[in-house]
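Reader: I have a structure open and would like to go through it piece by piece. Can you take my questions as they come?

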Amino acid sequence: MPGSTGKGRLVQGAFVAPLEIGQGVAYTPAMDRGTFAGGLAFMKMQAAGNDFVVIDSRVPRRGQARDGEVLTPALARAIADRRLGVGCDQLAEMLPAADADLALAFWNADGSRAGACGNATRCVADFAMHERGAGRLSIRTVRGLLAARRLADGRASVNLGPPQTEWQDIPLAREVATLHLPLDGDPVAVGMGNPHCVFLVADAAAVDLATLGQRLEHDPLFPERTNVEFASLSGPDRLRLRVWERGAGVTPACGSGACAAAVAAHLRGLTGRCVTLEMDGGTLQADWSEDGVWLTGPVAHVFDGVLSPAFPGASA
């Protein structure tokens, strides 16, 4: 590989490939689809500090008879473990799609399925656009068919679709007013392919996020659990946002949570439809347009690696 030493190193049972710089391309090359000595290849990516492990299952691996998902609840939990695995907030698996450029399936760090993951979608979209030499592409998720594009400044943008504001679509356990939930703090419920409980507060930085987030994630009003956001105005059309992610806990950022907070703030009359969100890990922009909510921000491809065959569930 150009610019590569051809050597790597083992980190917590994963073979980590060296950074490769191609001529005129400031981007890491695609990971080797397949295996290293029988292990499972992956990419580590991040957006605003929200970090992901990405598995490419668009083509069969060596020894696999057919396409299909590799990740399981147990393997997702093992990979996401920050001491015994690679460590991440969520995992994304790229899959073939008949009606899109690719499909994506998402997993939370606790091994549960995630219906949407805005920042992971942007990370994979940016990778795939570089891979194809394209500025746009389409991605099939359980949320629907999502459009992605790269802006002139290099940021990646994904349309996460229209927000869900009806109680049964979010979903909630019973019919209530989603703009004013019957919970302490008067939060707003918004669905972005996954449920969100958004609190609009005077100072998001002062909130005991770990305690409240853990409790609210499991509130009976949310039959599928919920993500929890605390947002405060920091300027015109600008929010300071902190997030507790369902199945992951406190994270530096959350893409779908940024979109949900922007929708909630607009519905409450606090902002316009295009909102800048200052999160613990960086700044994102959510633009509620006629065709859906566009999430925009920087992304980074951190490294490529291969799980050791000895890693539980990582053998081909």
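Reader: In the hairpin of β3 and β4, which residue takes a positive phi?
Author: Ala-48 does, near 55°, and the hairpin has 2 residues between the strands. Strands here are DSSP runs (E, at least two residues) and helices are too (H or I, at least four), numbered from the N terminus. This is a predicted model, where local features need pLDDT of at least 70 and side-chain atom pairs count only at pLDDT 80 or more, while totals for chains, interfaces and linings use all residues. Residues are numbered from 1 along each chain as its sequence is written, and side-chain values use heavy atoms, with hydrogens and water left out.

Reader: How many bridges join β3 to β4?
Author: There are 5, and the two strands run antiparallel. Strands pair if DSSP finds at least two bridges between them. Met-45 stands opposite Phe-52 in β4.

Reader: And which way do β4 and β5 run, parallel or antiparallel?
Author: Parallel, with 5 bridges joining β4 to strand β5 (residues 90-95). Val-53 has Leu-91 in β5 as its bridge partner.

Reader: How many residues of β4 are buried?
Author: 7 of the 7 residues in strand β4 (residues 50-56) are buried. Buried means under 20% relative accessible area, exposed means over 50%, and partly exposed is in between (1.4 Å probe, protein chains only).

Reader: Which residues of β4 point one way and which the other?
Author: Asn-50, Phe-52, Val-54 and Asp-56 point one way, whereas Asp-51, Val-53 and Ile-55 point the other way. In a regular strand the side chains alternate between the two faces of the sheet.

Reader: New topic. How many aromatic pairs does a search of the whole structure find?
Author: It finds 2. One of them is Phe-42 with Phe-303, edge-to-face at 6.1 Å centre to centre and 75° between the planes. Rings of Phe, Tyr and Trp (its six-membered ring) pair if their centres lie within 6.5 Å; planes under 30 degrees apart count as stacked, over 60 as edge-to-face and the rest as tilted.

Reader: Where in the chain are Phe-42 and Phe-303?
Author: Phe-42 is in strand β3 (residues 41-47) and Phe-303 in strand β19 (residues 300-307), 261 residues apart. Phe-42 counts as buried because its relative accessibility is 1%. Phe-303, at 23%, counts as partly exposed.

Reader: Why is the pair of Phe-199 and Phe-230 stacked?
Author: Their ring centres are 4.8 Å apart and their planes are at 15°, so the pair is stacked. Phe-199 lies in strand β12 (residues 195-200) and Phe-230 in strand β13 (residues 227-235), 31 residues apart. Phe-199 is buried at 4% relative accessibility, and Phe-230 is buried at 4% as well.

Reader: Which ring does the charged end of Arg-273 sit over?
Author: The ring of Trp-288, 4.2 Å from its centre. A charge sits over a ring if NZ of Lys or CZ of Arg is within 6 Å of the ring centre and within 35 degrees of the ring normal. Arg-149 lies over the face of Trp-294, at 3.7 Å from the ring centre.

Reader: How many disulfides turn up?
Author: The search finds 0, a disulfide being a pair of cysteine sulfur atoms within 2.5 Å.
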